[in-house]
Amino acid sequence: MTAPWIPDDGELDALARSLPAPDASAAVAEQNRTRMLAAAANQTPRARRPIAAIAIAAGVSLAAAAALVVWWTRAPASEPAARVGTAVAITPTDGARLERVSPFPDFVVHVRDGSVALQVAALAPGERFRVRTGDAEIEIRGESRFTVDAVADHVDAVAVATGEAELRVIDGPRVIIKAGTAWHAPTKTAVIERAPLVTPPPPPKPDAPPAKRPERRTPHRVTTAPSPSPSPAPTNHDEPPPPPAPPAASPGELEFRTGWTALRANRAGDAATSFAKACTLAGTSALAEDACFWAGAAAKRAGDAATARTALARFVATFPSSPRANEARALLGWLYYDAGDLAAAKPLFERAATDRVPRVRDSAERGRLAIERH
């Protein structure tokens with residue numbers, strides 16, 4: 001039985017634009033104009049608000065809006081009623097620079113500079129919330145309130161008020177930050193610390209004279225005068241020491257950034273090459289998961305089916321529990337389908353059809369129906 005044709009939004013828009021516009025007569029237009037003018041004349045004029053007051057109110061509103069960034073996402077209608085959505089409140093300070101990389105179910109925020117306060121409601125099963133810098137990744141566990149400080153795209157401090165966060169620094173140990181604790185970059189303080197209560201020392205007694213150091217007597221010696229040597233240049237102790245050199249980029253980091261630059265410029269082939277290098281160099285770090293997925297996705301976008309199949313199969317085998325694993329399975333299923341290998345495509349579509357993201361489920365369902373028609 002042939003399925004009924006249902007026009008999409010594009011077809012409906014084209015049909016609406018093709019209809020002729022109603023041509024009202026001049027008499028009808030004049031009647032409408034007269035009626036509107038008469039109604040306006042009978043209304044009581046309202047007091048005008050001073051322009052200065054309007055400008056001040058608008059400025060205050062804009063300043064308040066700039067201080068708080070809120071991204072709100074709702075779960076699909078098929079979710080249970082108790083699960084109405086996930087709220088994220090992000091407050092940048094100190095001229096912070098940040099950007100959202102991806103929405104839920106895998107919410108990623110990249111903080112490049114400054115201090116950012118974040119508050120995340122309880123996460124649903126399968127959801128993740130991560131804050132990324134150029135050298136680290138912070139992932140929260142459940143409902144949390146925490147702050148992240150970054151300097152020159154490098155994590156500088158993480159403080160957790162409620163909840164729990166996992167910090168993964170590239171080429172560094174994995175650190176679990178509990179509620180009420182903070183992490184600082186190793187160049188500043190210890191890795192995990194609780195803020196100590198500093199007790200100032202008691203002031204000295206005014207009547208007590210300063211203690212005298214005992215004099216040291218040097219025995220008299222006759223020595224030969226040394227040959228004169230140039231005196232060292234005077235040192236200016238008031239000058240601050242030079243700042244430490246920024247840490248070197250972690251393995252795969254530069255290649256990953258190059259890949260994103262190429263992908264944003266619609267150079268999918270170059271992006272796939274850079275992502276593949278980052279995937280290999282990053283090893284098992286937090287960067288590897290994203291790099292390996294985008295190596296396959298960019299190759300598919302570039303039309304290189306063989307490279308895309310190899311990269312996506314490697315991603316699924318290496319990161320089977322990743323939030324993007326089912327998305328990779330759906331992409332890989334379509335690559336096998338296009339190559340005529342329906343036996344390999346079918347289990348991939350069946351597994352991806354269980355994903356909680358609607359677009360991934362829809363893609364997998366279309367693949368299953370296409371196989372059934374064959």
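Helix α10 covers residues 358-373, and its 16 residues reach 23 Å from the first C-alpha to the last, close to the 22 Å expected at 1.5 Å a residue. The expected span is 1.5 Å times one less than the number of residues in the helix. This is a predicted model, in which local features need pLDDT of at least 70 and side-chain atom pairs count only at pLDDT 80 or more, while totals for chains, interfaces and linings use all residues. Residues are numbered from 1 along each chain as its sequence is written, and side-chain values use heavy atoms, with hydrogens and water left out.

**The whole chain**

- The protein chain has 10 helices and 11 strands; helices (H or I, at least four residues) and strands (E, at least two) are DSSP runs numbered from the N terminus.
- Of its 374 residues, 32% count as buried, where buried means under 20% relative accessible area, exposed over 50%, and partly exposed in between, with a 1.4 Å probe and protein chains only.
- Among the contacts in the protein chain with a separation of 6 or more, 42% are between residues 24 or more positions apart; a contact means heavy atoms within 4.5 Å.

- The buried residues of α10 are V360, S363, A364, G367, A370 and I371.
- Seen down the axis of α10, these buried residues fall within an arc of 120°, so they line one face of the helix; the arc is that of the directions from the helix axis to the C-beta atoms.
- The face turned away from the buried side carries the exposed residues R366, E372 and R373.
- The buried residues of α10 pack against α8 (325-338) and α9 (342-352).

**Helix pairs**

- Two packed helices are described by the angle between their axes and the distance between the axes.
- Axes here are lines fitted to C-alpha atoms, for helices over the stretch in contact, and angles run from 0 to 180 degrees between N-to-C directions.
- The axes of α9 and α10 come within 8 Å and cross at roughly 145°.
- The crossing of α9 and α10 is left-handed, meaning that the near helix is turned anticlockwise from the far one by less than a right angle (clockwise would be right-handed).
- L342, A345, K346, F349, E350 and A352 in α9 meet V360, R361, S363, A364, G367, R368 and I371 in α10.
- The residues in this contact of α9 with α10 are seven nonpolar, two polar and four charged; Ala, Val, Leu, Ile, Met, Phe, Trp, Tyr, Cys and Pro count as nonpolar, Asp, Glu, Lys and Arg as charged, and the others, Gly among them, as polar.
- Helix α7 (residues 305-318) packs with α8 at an angle of about 145°, with the axes 9 Å apart, and this crossing is also left-handed.
- Residues of α7 that meet α8 include A305, L312 and F315, and their partners in α8 include A325, L331 and Y336.
- By class, the contact of α7 with α8 has 12 nonpolar, no polar and two charged residues.

- Most residues other than glycine have a negative phi, and most peptide bonds are trans.
- The peptide bond from F104 to P105 is cis, with omega near 20°, and P105 is in the loop between β2 (86-102) and β3 (106-120).
- A152 is not a glycine but has a positive phi of about 55°; A152 lies in the loop between β6 (144-151) and β7 (154-162).
- A152 counts as partly exposed, at 47% relative accessibility.
- N266, also not a glycine, has a positive phi of about 60° and is found in the loop between α4 (253-264) and α5 (268-282).
- N266 counts as exposed, at 71% relative accessibility.
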